[in-house]
Every structure is written in structure tokens, then in C-alpha cells.
Amino acid sequence: ITTHTINGTIDLSTVFEVQDDFGRTFFLRNSREIVSFGGSHSFRNAPHFMSFLRSETTELDAHHETEATLDVYFYHPNT
């Protein structure tokens with residue numbers, strides 16, 4: 001596991017680089033996003049690395065984000 005930090009401190013901006021049993025490299029962020037609505041309903045929002053700002057993204061970013069999502073569907077033991 002390799003950690004990528006801004007100031008050498010593990011916090012919400014830290015990215016962990018890990019490799020699975022299939023040899024795939026993952027970049028995982030140390031955060032949890034919860035969306036709440038209606039007062040009593042909530043769900044965990046899937047993490048992403050691609051910015052929502054069009055000026056900060058490229059087609060290659062979208063490709064990588066889509067590939068990562070498809071990998072989860074393909075390799076996750078529950079799917």
C-alpha cells in the first residue's frame with residue numbers, strides 16, 4: 001500500500017494506492033459521502049475522482065472513471 005498525502009498526514013484528502021489479487025491497481029480515498037433526503041432517508045454516494053467542473057475534466061478522465069465502475073461490476077464477488 002502506498003499513501004499519497006498533501007502534507008504527510010493521513011486525512012480526508014489522502015489517496016491509498018493498492019493492488020488486488022488480479023494485479024489491478026486501485027486508488028482509494030479516505031472519505032465517506034452520505035446523501036440525506038426526506039429527513040429519514042439516506043444512502044452512501046459512490047466516490048469518484050473526476051471533477052464535476054467541465055473545465056477540470058477531460059475525455060480521458062471520463063474513460064478512466066467508467067472503466068473503474070465496470071471493473072467493480074466485473075470483479076466484485078457480489079455481482
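Colleague: Where does Arg24 lie?

Modeller: Arg24 sits in the loop between strand E2 (15-19) and E3. Note that this is a predicted model.

Colleague: Which residues does Arg24 touch, not counting those up to four places away in sequence?

Modeller: With those left out, Arg24 touches Val18, Gln19, Asp71 and Tyr75.

Colleague: How should I read a salt bridge here, and how many does the count come to?

Modeller: The general idea first. Side chains of opposite charge can pair when their charged atoms come close. In this structure the count comes to one salt bridge. Asp20 forms a salt bridge with Arg24, and their closest N and O atoms are 2.5 Å apart. The side chains of Arg24 and Asp20 also make a polar contact (2.5 Å).

Colleague: Is Arg24 buried or exposed?

Modeller: Arg24 counts as buried, because its relative accessible area is 17% and the cut-off for buried is under 20%. Asp20, with a relative accessible area of 22%, is partly exposed.

Colleague: What about pockets?

Modeller: Again, the general idea comes first. Rolling a probe the size of a water molecule over the atoms shows where empty space is left. Here, the largest pocket holds about 1,000 Å³ of space. Its lining has 31 residues, and Phe26, Phe27, Phe49, Ala68 and Thr69 are the closest to its centre.

Colleague: Which elements give two or more residues to the lining of the largest pocket?

Modeller: They are strand E3 (25-29) and helix H1 (59-75). H1 gives the most, with 11 residues. By class, the lining of the largest pocket has 13 nonpolar, nine polar and nine charged residues.

Note on methods:
Residues are numbered from 1 along each chain as its sequence is written. This is a predicted model: local features need pLDDT of at least 70, side-chain atom pairs count only at pLDDT 80 or more; totals for chains, interfaces and linings use all residues. Side-chain values use heavy atoms; hydrogens and water are left out. On a 1 Å grid over the protein atoms alone, a cavity is a set of points where a 1.4 Å probe fits but cannot get out, and a pocket is an open set with protein on both sides within 12 Å along at least five of seven lines; lining residues have an atom within 4 Å of a point. Grid points are joined across faces, edges and corners, and a volume is the space filled by probe spheres set on the points. Helices (H or I, at least four residues) and strands (E, at least two) are DSSP runs, numbered from the N terminus. Ala, Val, Leu, Ile, Met, Phe, Trp, Tyr, Cys and Pro count as nonpolar, Asp, Glu, Lys and Arg as charged, and the others, Gly among them, as polar. A salt bridge is a side-chain nitrogen of Lys or Arg within 4 Å of a carboxyl oxygen of Asp or Glu. Buried means under 20% relative accessible area, exposed over 50%, partly exposed in between (1.4 Å probe, protein chains only). A polar contact is a pair of N or O atoms within 3.5 Å; within protein, one must be able to donate a hydrogen and the other to accept it, and residues adjacent in sequence count only if both atoms are side-chain atoms. Contact means heavy atoms within 4.5 Å.
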